[in-house]
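Here is a short briefing on one protein chain. Please keep the sequence and the 3D view at hand.

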Amino acid sequence: QVQLVESGGGLVQAGGSLRLSCAASTRTFSSNAMGWFRQAPGKEREFVAAISGSGRSTDYADSVKGRGTISRDNAKNTVYLQMNSLKPEDTAVYYCAASRRVIPFSRSSEYDYWGQGTQVTVSS
């Protein structure tokens, strides 16, 4: 069992920035690809970004390319999502996810563990 705890969400004005963090309780963190997903009310959960176990490979949804950066600190068992130039359409609950695989995937079904989510609200 892997526990994931997100933090860093909140209310921000359009054009602002947020840095989300996800702390994982696992002894094999460097072997876990990590992903960020988000879900707005009435919408399906959508892919945001993913990073390989080593941190050398990343993938981003088109909607956040150029504005979002995923990174990880394996010594701290933590993955981050830096979001800049935030837009109202970025408003959603953001979820951290961990995979037993080291390869980053964009499909939510490829992830085995999920955090409870953190709310991000962007006002116009």
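Predicted model: local features only at pLDDT ≥ 70, side-chain atom pairs only at ≥ 80, totals over all residues.

Residues are numbered from 1 along each chain as its sequence is written, and side-chain values use heavy atoms, with hydrogens and water left out.

**Overall fold**

- The protein chain has zero helices and 11 strands. Both are DSSP runs, numbered from the N terminus: helices are H or I with at least four residues, strands are E with at least two.
- From the N terminus on, the order of elements reads β-β-β-β-β-β-β-β-β-β-β.
- The radius of gyration is 13 Å, close to the 14 Å of the globule rule for 124 residues, so the chain is as compact as a globular protein of that length. The radius is taken over C-alpha atoms, and the rule is 2.2 Å times the number of residues to the power 0.38.
- Along the principal axes, the C-alpha atoms fill a box of roughly 40 × 25 × 25 Å.

**Burial, surface and contacts**

- Of the 124 residues, 44% count as buried. Buried means under 20% relative accessible area (1.4 Å probe, protein chains only).
- The chain exposes about 6500 Å², and carbon and sulfur atoms supply 43% of that area. Areas come from the Shrake-Rupley method with a 1.4 Å probe.
- Among contacts with a separation of 6 or more, 58% join residues 24 or more positions apart. A contact means heavy atoms within 4.5 Å.

- Four strands form an open sheet in the order 1-3-8-7, with antiparallel pairing. Two strands pair if DSSP finds at least two bridges between them.
- Strand 1 (3-7) and strand 7 (68-73) are the edges; each has a single partner strand, so one side of each lacks a neighbour in the sheet.
- The twist averages 15° from one strand to the next. Axes are lines fitted to C-alpha atoms, and angles run from 0 to 180 degrees between N-to-C directions.
- Strand 1 pairs with strand 3 (residues 18-25) over five bridges, in the antiparallel sense. Ser7 stands opposite Ser21 in strand 3.

**The disulfide**

- The structure holds one disulfide, a pair of cysteine sulfur atoms within 2.5 Å.
- Cys22 and Cys96 form this link, with their sulfur atoms 2.1 Å apart.
- Cys22 lies in strand 3 and Cys96 in strand 9 (residues 92-98), so the pair ties together parts 74 residues apart in sequence.
- The Cys22 and Cys96 link is left-handed, with -80° about the S-S bond.
- Cys22 and Cys96 are both buried.

Note on methods:
Buried < 20%, exposed > 50% of the residue type's maximum accessible area, 1.4 Å probe, protein only.
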